[in-house]
Amino acid sequence: MKKTSKLYSIPYFLWVVLFVLAPVALLIYRSFFDIEGHVTFVNYQTFFSSWTYLRMSFNSILYAGIITLLTLLIAYPAAYCLTKLKHKQLWLMLIILPTWVNLLLKAYAFMGIFGQQGSLNDFLTFIGIGPKQILFTDFSFIFVAAYIEIPFMILPIFNALDDIDDNVINASRDLGASEVQTFSKVTFPLSMNGVRAGVQSVFIPSLSLFMLTRLIGGNRVITLGTAIEQHFLTTQNWGMGSTIGVILILTMLAIMYLTKERSK
């Protein structure tokens with residue numbers, strides 16, 4: 001039986017080695033080569049000594065933080081309300097349904113909505129405000145990114161809230177706690193695992209967004225994901241692109257460590 005279970009685990013380990021460990025190892029390996037193919041540490045030196053790259057890092061963390069905070073403020077009340085509905089699984093599926101649509105299609109849809117001739121500017125013109133520059137702004141980038149990431153925040157929070165035993169909530173009320181006290185002292189702490197998972201699911205992908213920075217931000221929003229794309233596809237400096245990728249992976253690991261569950 002043990003031998004059989006070990007055989008079943010072989011595809012999993014092969015997948016991890018081939019599609020997780022091997023690409024990361026290759027990325028680390030390439031980061032020690034310059035554009036001419038010489039082994040060097042100059043890529044890391046350039047990254048940490050260049051104000052441009054440091055500013056990109058700050059922008060990436062800032063935008064990811066804003067997107068995560070915005071999605072959390074919207075997703076938590078939404079997930080909480082979903083748990084109170086009669087057909088909550090159906091409503092949850094409807095919320096998750098947009099994630100099945102290709103990201104590129106959603107980006108082009110918002111380009112049409114936010115464009116100068118888009119439906120939003122048509123509405124602003126109709127009410128007398130007039131057309132505004134909405135596309136290619138920080139607002140449009142954060143709005144679209146938050147819209148795309150919201151389902152990934154709602155799902156873990158919903159699961160955490162739905163798993164809370166009703167008897168615990170009823171016991172809090174029976175002991176004289178108000179609704180606010182029950183939420184702050186019982187419901188919210190018990191749902192923290194879902195919040196942590198949601199923060200990881202949103203913050204980490206938001207660090208490396210590059211398609212939305214192109215299409216929605218119009219390259220006015222510059223992040224590490226944009227820099228990686230430019231180095232690999234435009235400048236052909238794979239060493240520098242790999243270096244930024246390594247820094248990004250280390251940042252993601254740090255975020256996972258900071259948001260992991262702490263033992264009491």
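This is a predicted model: local features need pLDDT of at least 70, side-chain atom pairs count only at pLDDT 80 or more; totals for chains, interfaces and linings use all residues.
Phe136 has a relative accessibility of 29% and therefore counts as partly exposed; buried means under 20% relative accessible area, exposed over 50%, and partly exposed in between, for a 1.4 Å probe and protein chains only. Phe136 sits in the loop between helix H6 (119–126) and H7, where helices (H or I, at least four residues) and strands (E, at least two) are DSSP runs numbered from the N terminus. Its phi is near 65 degrees, a positive value in a residue other than glycine.

Residues are numbered from 1 along each chain as its sequence is written, and side-chain values use heavy atoms, with hydrogens and water left out.

A positive phi, about 60 degrees, also occurs at Gln236, which is not a glycine. Gln236 belongs to the loop between H12 and H13, and with a relative accessible area of 44% Gln236 is partly exposed. Gly176, which follows H8, has a positive phi near 100 degrees. At the start of H8, a side-chain oxygen of Asp165 comes to within 3.0 Å of the backbone nitrogen of Asn167; a polar contact is a pair of N or O atoms within 3.5 Å, where within protein one must be able to donate a hydrogen and the other to accept it, and residues adjacent in sequence count only if both atoms are side-chain atoms.

Let me turn to the chain as a whole. The chain contains 13 helices and zero strands. Its C-alpha trace spans about 70 × 70 × 35 Å along the principal axes. Of its 264 residues, 37% count as buried. Contact means heavy atoms within 4.5 Å, and of the contacts with a separation of 6 or more, 68% join residues 24 or more positions apart.

What does the largest nonpolar core contain? It has 53 residues, of which Phe141, Leu212 and Ile244 touch the most other members; such a core is a set of buried Ala, Val, Leu, Ile, Met, Phe, Trp, Tyr and Cys residues joined through side-chain atoms within 4.5 Å. H7 gives the largest share of this core, eleven residues. Leaving aside residues up to four places away in sequence, Ile244 touches Phe47, Tyr53, Leu224, Ala227, Ile228 and His231.

Met153 lies in helix H7 and counts as buried, at 0% relative accessibility. With residues up to four places away in sequence again left out, Met153 touches Thr68, Thr71, Leu72, Ala75, Gly198, Val199 and Val202. Met153 and Gln45, 108 residues apart in sequence, are 36 Å apart in space, C-alpha to C-alpha. Leu62, in helix H3, is partly exposed at 38% relative accessible area.

I close with the largest pocket. Which residues lie nearest its centre? Of its 15 lining residues, these are Thr83, Lys84, Leu161, Asp166 and Ile169. Helix H7 (138–162), helix H8 (166–174) and helix H9 (179–190) each give two or more residues to the lining. On a 1 Å grid over the protein atoms alone, a pocket is an open set of points where a 1.4 Å probe fits, with protein on both sides within 12 Å along at least five of seven lines, and lining residues have an atom within 4 Å of a point.
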